[in-house]
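Hi,

Here is the structure I promised to pass on. Have a look at it first, and my notes follow below.

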Amino acid sequence: MIGHAVESYDFVIYGSSATIIAQHFFPDDNPTLAILSALAVYGIAFVVRPVGAAVFGSIGDRLGRRTALSTVVLIMAVSTAAIALLPGYTTAGIAAPLLLLCCRLAQGISMGAEYTSAASYVMEQAPANRRGLWISAVGSASFIGSAFAAFALLALHSASPHAYTEWTWRIAFLFGGLMALVGLYMRLSLEETSTFRNLEAHGETSASPVRDSFRNWRLFLVLFTVFALLAVVVHNLLGYLPTYLITTGGLPEVTVLVAGGTALLLCTGLCILTGALTDRIGRKPVLITGVVIAAAGSVPAYILAGGGGLLTTLAAETLLIIPAALIGMPATIMAVELVPPHIRTTSTALAYNAAYAVFGGTAPLLGALLTQHFGHLAPGTYITALAAIALIIITTALPETHNHTTTTPQPHAHDRKPTSLRPTP
């Protein structure tokens with residue numbers, strides 16, 4: 001949970017500070033262009049996430065889940081803390097945005113297997129009838145980290161708005177690096193999962209997890225579609241909406257931070273309740289409900305976001321937070337349950353991060369461009385269109401995974417065939 005909280009903390013700190021980062025690293029006579037540059041760097045970290053998924057997902061499947069989890073959180077700690085120490089454009093010139101880009105690339109690579117490796121670890125350790133609850137507890141950490149980021153920025157801003165704009169925003173990044181080091185210390189004390197130990201003992205670990213993952217391309221495409229919708233919803237909420245509320249809605253930064261932090265704390269509880277619900281009624285009904293709400297509520301969310309008040313802002317964020325929880329939790333649970341254990345961390349990481357690279361990383365920048373060219377309802381319409389496509393695929397191609405296990409022995413690597421979309425009994 002700590003590692004996943006740091007991941008979302010880092011992205012919210014950057015997304016919520018995009019206007020300030022633009023001033024320090026992308027000075028330009030055109031403020032809009034500077035903000036677009038800062039959002040582009042936000043998005044480019046997503047481009048390398050599939051690389052991290054392939055590298056660290058393979059480590060998780062070949063060397064162990066614990067090794068992958070420890071390595072990614074170490075890289076995360078160093079790259080996040082480094083942003084706090086970077087010189088600005090006035091000091092270092094073009095080197096400043098280039099160094100910022102390097103830090104964001106390192107963050108993106110480390111995040112490529114963070115969440116899915118953690119979910120795989122928990123799936124293999126949790127009781128079968130409580131998988132939904134415990135995997136969702138890990139997922140809820142995303143919103144804990146996001147809320148903590150919003151309140152940290154609020155505290156720094158309230159202490160001194162001028163100092164916050166000038167330099168105290170850096171403290172937030174430094175603290176994120178320190179949190180990641182705490183996660184590293186805890187992960188080094190973890191035991192390896194019994195599932196991986198059994199695979200290793202029987203010589204059933206995959207020699208080429210990436211290749212084996214893409215052999216089952218049907219499963220990959222279905223998971224990619226679900227995670228694509230999730231990525232757009234989450235990173236409209238975390239990456240673009242704060243900037244939209246300030247630049248388009250005209251809200252004070254304090255109001256945006258208060259509303260965002262409050263809504264994200266509410267979502268933390270919703271995630272855990274969602275996980276518990278999937279253990280009782282199944283994963284698929286909850287997932288479909290979330291997709292329907294995303295389709296119906298995204299345009300109203302952006303209508304409310306233009307209202308210019310705290311209550312309307314909270315209402316707008318709630319309309320995005322509900323589908324984020326109802327889609328994100330069952331989607332992750334179903335992914336780690338559908339994928340066989342010998343390629344579990346690699347396959348889920350590739351599907352998750354490929355979707356986030358294409359749709360999550362572009363969400364803030366595309367949201368800004370859509371708003372600029374088509375009006376303030378365009379980002380909500382974009383989410384609605386993706387939700388409609390995802391709903392068709394989920395209802396027709398994604399099986400229920402409730403009450404099954406995938407811990408049966410796997411055939412040797414040279415005998416393996418692509419797995420079907422059916423969960424293992």
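Predicted model: local features only at pLDDT ≥ 70, side-chain atom pairs only at ≥ 80, totals over all residues.

A disulfide here means a pair of cysteine sulfur atoms within 2.5 Å. With that cut-off, a search of the whole structure turns up zero disulfides. Cys 102 is in none, and the nearest cysteine sulfur, that of Cys 103, is 7.0 Å away. Cys 271 is in none either, its nearest cysteine sulfur being that of Cys 267 at 4.1 Å.

Residues are numbered from 1 along each chain as its sequence is written, and side-chain values use heavy atoms, with hydrogens and water left out.

Now the overall picture. The chain has 19 helices and zero strands; these are DSSP runs numbered from the N terminus (helices are H or I, at least four residues; strands are E, at least two). The C-alpha trace spans about 60 × 45 × 30 Å along its principal axes. Of the 425 residues, 58% count as buried. Among contacts (heavy atoms within 4.5 Å) with a separation of 6 or more, 86% come from residues 24 or more positions apart.

Rings of Phe, Tyr and Trp (its six-membered ring) pair if their centres lie within 6.5 Å; planes under 30 degrees apart count as stacked, over 60 as edge-to-face and the rest as tilted. The structure holds eleven such pairs. In one of them, the rings of Tyr 115 and Tyr 352 have centres 5.5 Å apart and planes at 65°, so the pair is edge-to-face. Tyr 115 sits in helix α8 (residues 114-125) and Tyr 352 in helix α17, so this pair ties together parts 237 residues apart in sequence. Both Tyr 115 and Tyr 352 are buried. Tyr 352 also pairs with Tyr 356: centres 4.5 Å apart, planes at 20°, so stacked. Those two both lie in helix α17, four residues apart, about one turn of the helix, and both are buried. Phe 46, Tyr 115, Phe 227, Tyr 352 and Tyr 356 form one aromatic cluster.

Helix α17 (residues 344-360) also carries Thr 348, which counts as buried at 1% relative accessibility. What does Thr 348 touch, not counting residues up to four places away in sequence? The list is Thr 116, Ser 120, Ala 335, Val 336 and Val 339.

Over in helix α1 (residues 2-16) you'll find Ser 8, which is buried at 5% relative accessibility. Leaving aside neighbours within four places in sequence, Ser 8 is in contact with Ala 141, Ser 142, Gly 145 and Ser 146.

Cheers

Methods: Buried < 20%, exposed > 50% of the residue type's maximum accessible area, 1.4 Å probe, protein only.
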